[in-house]
Amino acid sequence: MIYPTRFEEKIGFNKIRTLIANECISPLGLQFVNRIRFSSNAETISKMLEQTVEFKQILQFGKPFPTGDFFDMRESLRGVQTPGSYLEKEHLFDLRASLRTILEILTYIEKLNSIEFPKIKSITEDLYFPNEVYAAADKIIDDKGEIKDSASDKLSEIRKQIISKQRQVFKATKKAFDLAKKSGWIPENADITVRNGRSVIPVKASDKRALHGFIHDESATGQTVFIEPGESFEINNQIRELENDERREIIKILTLFTNLLRPFLNDLFQLYRFLGLIDFIRAKALFSIKTEANKPIITGDKKIELNHARHPLLLLAHKAQNKPVVPLDLKLDSENRILVISGPNAGGKSVCLKTAGLLQYMLQCGLPIPAKEDSELYLFDNLFIDIGDEQSLENDLSTYSSHLLNMKYFLRHANNNTLFLIDEFGTGTEPQLGGAIAEAVLEELNNKQSFGVITTHYTNLKIAAEKSKGMINGAMLFDSKEMQPLYKLQTGKPGSSFTFEIARKIGFPKYVLQKAKKKSGSKAVSFDQQLQQLELEKLKIEKKEKELLLTENKLSATLEKYEQLKQNLEQSKKTILEKANQKAVEIIESSNKAIEKTIREIKEGKADKKITATAREKLTLKKENLKKIRSKSISGDKASETQKEEPSIQQGDFVKVKDSDIVGELISIDGDEALINVNNVRLRTSASKIEKSNDKPKTTGHFKNSQRGIMHDINKKAANFSLSIDLRGKRADEAMSVLKKYIDDAILLNIKEVSILHGKGYGILRDIIREYLQTVDEVSQFGDAPLDMGGSGITRVIFK
């Protein structure tokens, strides 16, 4: 149920309907726009929303959609339902063109992915396209709207005869003209012309009897007559008979075509309804793109949660002026069903109320809304609104009387499935009494479990919202320093009207304001000032919280990166030592072979066998010792990794971040994430990187100095960091040393993309670089730069 009857006009939906209508191609789509209606059926609304969202995807990312020749042929088709009737040539031309458009659209939709566009594809499921009708129409009429000669053999023969006769007429007329001109019967500079559809010769009136023929006309002065030669006259009469035969044959062709078409009339009616529906959905999608609208979540829970919502008309107006729109965040649920918005005049209270109401109505009309996709809205059965002046001279209604009649209707029909919107609640009469009635009405609507948004300046309504369960205050924020509204809604506390401040800003007489303060009473002024102070303090606290959270996150990320870099260095150290030991063993083995050869030569030379054996044993012993050293190094590393388990760590214990001097109190462990309090700064790190500590945290001053030093190093690196590095001309080992440090710095500074210039050449340096990049976990992808930016001579690296 919608109340009042002018609901759409009051909420601004009539303008939305007009804007959608402007996007339509044809009257077919306009008929659907005019039939947009409020609904609370979740299935129907979801279907309409999904159709529009899918078509948005087609318009934004798909191939061009067919948009030509959206003709409504239903009226013409209704006129040929009676046997014996036929479709006129002009209507046949439009029918052929529109059927071609329908066929193109059906083909386009058939090629769409069923998973991505299920709702659009489902529209065509029950449609039948009569190919025989389209083929017959295409055979009969050409692209200029004329019946083709090939439409029938008889028509082709008739037209050939007409052309032949027309040539005979031209020859006869030309012959007579030449004779008349030679004889001097024709006025100077005259030529063959046309009268009554026939070729005639202009002849001097004095010589009109000299030329045999039929007089069709004479000049205004009477000095010239226009004669059709006798020979041409007879041939033209034959042409007229042939033209009559042509018309009869065309009617016969059109009648036969209409007889073919008549059994498919119901299918054609459905196709033209489909054409109108597609036009309508396309118009909604275009409007949604312009207003940046999305499909919100339709929830079964009674709630309204608008995230980053904007009034569509305001958005379009500001876009035209290149001005931003302050988004609205609003939430109503079972605990806080009614929002009482207060604040200064021209501060955005009414816009906030109208935005909530209009977006709710748009949704329940099947339209996407300009808000984030995670917005959630419940579908109400009733939408009531009381906005503006409803005074009526005809009905003898004052402004306040009309408001009371609206409230009477609200009280009689509101229930727990009702959303009501009331602007400037209680105004129009004596403030104290009007405020009392407004408060009583508000309490009753609250008792009915209705949802609502109201705007007011009345203090008693603000107090009622603060005390009553089910209601919550909201304030439109105001910059008290600049004395200008911020157009931002903040819920939880009532807003100040800033009455005296605004008056002072515009230069209102001070002595009058002083009198007004005395008359208003100190309590009222004090209450307003307290509201302002609370508002300012809340903003300051929110700002500090954001700054603190940002600092904590930045510090945690920085320490995490430093720890990761340190681990990488340790791992690199182990790898280098292992490779060095392995290389040493290989050298000894190689040397052993050389010595074996020498011993063999000694034996062959009959040297002392005892001396030879001793040397050989010493060499073998040396080799074994080197192998043991390498083995111990490896086993030692593994042993350090598989130490006995650390003692259990519990909340409240002092812990230390491994491989660092950071000590703090453990606040919580969630999975592999640990939260530590280090001198009142919260630090997040991996749970595997902390160990229990008997030491207490270091002094705050020392920690701050350490933190300041870290941030200084990072800022210095960021200032000097370049998004590209040139490794051309460097040896492979030199290039890799520079590259590893460069990549480490990029990861530390959270750089998203860098470029490595290595040149093309034989591709050796490029292959080494890319082999290394494959081992870096933080690298998301890499590859050649675009051709216009260096191609295969540059490797672009994108980090996670």
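How much accessible surface does the chain have, and what percentage of it belongs to carbon and sulfur atoms? The accessible surface comes to about 45,400 Å². Carbon and sulfur atoms account for 51% of that surface.

## The chain as a whole

This is a predicted model. The chain has 800 residues, and 42% of them count as buried. Its secondary structure comes to 23 helices and 24 strands.

Contacts reach across the sequence. Take the contacts between residues at least 6 apart in sequence: 69% of them join residues at least 24 apart.

## An antiparallel sheet and its helices

Strands S2, S3, S5 and S4 form an open sheet, in that order. The pairing is antiparallel. Strand S2 (193-195) and strand S4 (213-218) are the edge strands, and each pairs on one side only. From one strand to the next, the twist averages 50 degrees.

Inside this sheet, strand S3 (residues 198-204) runs antiparallel to strand S5 (residues 224-229). Four bridges join the two.

Helix H9 (residues 153-183) lies across S3 and S5, and runs at about 5 degrees to S3. Helix H10 (residues 230-261) packs on the sheet and touches S3, S4 and S5. The direction of H10 makes about 65 degrees with that of S5.

## A sheet with mixed pairing

A second open sheet to examine has four strands in the order S6-S10-S7-S8. Here the pairing is mixed. The edges are strand S6 (297-298) and strand S8 (328-332), each of which pairs on one side only.

Strand S7 (residues 304-309) pairs with S8 over four bridges, in the antiparallel sense. Ala309 stands opposite Leu328 in S8.

## Helix H12 and its cover

Which residues of helix H12 (residues 312-320) are buried? They are Pro312, Leu313, Leu315 and His318. Their cover includes helix H2 (13-22), helix H11 (265-290) and helix H13 (349-363). After H12 comes Asn322, which has a positive phi, near 60 degrees.

## Ser26, a loop residue

Ser26 sits in the loop between H2 and helix H3 (27-34). Is Ser26 buried or exposed? Its relative accessibility is 3%, so Ser26 counts as buried; the cut-off for buried is under 20%. Setting aside neighbours within four places in sequence, Ser26 is in contact with Phe70 and Asp279.

## Strand S12, covered on both sides

Strand S12 (residues 418-422) is mostly covered, with five of its five residues buried. Thr418, Phe420 and Ile422 point one way. Leu419 and Leu421 point the other way.

S12 has parallel partners. Strand S11 (residues 382-386) pairs with S12 in the parallel sense over five bridges. In that pairing, Asp386 has Ile422 as its bridge partner. Strand S13 (residues 451-455) also runs parallel to S12, and four bridges join them. Leu421 stands opposite Val453 in S13.

## Helices H15 and H16

Two packed helices are described by the angle between their axes and the distance between the axes. Helix H15 (residues 431-447) and helix H16 (residues 459-467) pack at an angle of about 25 degrees. Their axes are 9 Å apart. That angle makes H15 roughly parallel to H16, because angles under 35 degrees count as roughly parallel.

The crossing of H15 past H16 is right-handed. On the H15 side, the contact residues are Gly435, Ala436, Ala438, Glu439 and Leu442. They meet Asn460, Leu461 and Ala464 in H16.

## Helices H22 and H23

Helix H22 (residues 732-748) packs with helix H23 (residues 764-773) at an angle of about 40 degrees. Their axes lie 11 Å apart. H22 passes H23 in a right-handed crossing.

Which residues of H22 meet H23? They are Ala732, Ala735, Met736, Leu739, Lys740 and Ile743. Facing them in H23 are Leu765, Ile768, Ile769, Tyr772 and Leu773.

Notes
Residues are numbered from 1 along each chain as its sequence is written. This is a predicted model: local features need pLDDT of at least 70, side-chain atom pairs count only at pLDDT 80 or more; totals for chains, interfaces and linings use all residues. Side-chain values use heavy atoms; hydrogens and water are left out. Buried means under 20% relative accessible area, exposed over 50%, partly exposed in between (1.4 Å probe, protein chains only). Contact means heavy atoms within 4.5 Å. Accessible areas come from the Shrake-Rupley method with a 1.4 Å probe; for residues, only the protein chains shown count as cover. Two strands pair if DSSP finds at least two bridges between them. Axes are lines fitted to C-alpha atoms, for helices over the stretch in contact, and angles run from 0 to 180 degrees between N-to-C directions. Angles under 35 degrees count as roughly parallel, over 145 as roughly antiparallel, 65 to 115 as roughly perpendicular and the rest as oblique. A crossing is left-handed if the near helix is turned anticlockwise from the far one by less than a right angle, and right-handed if clockwise.
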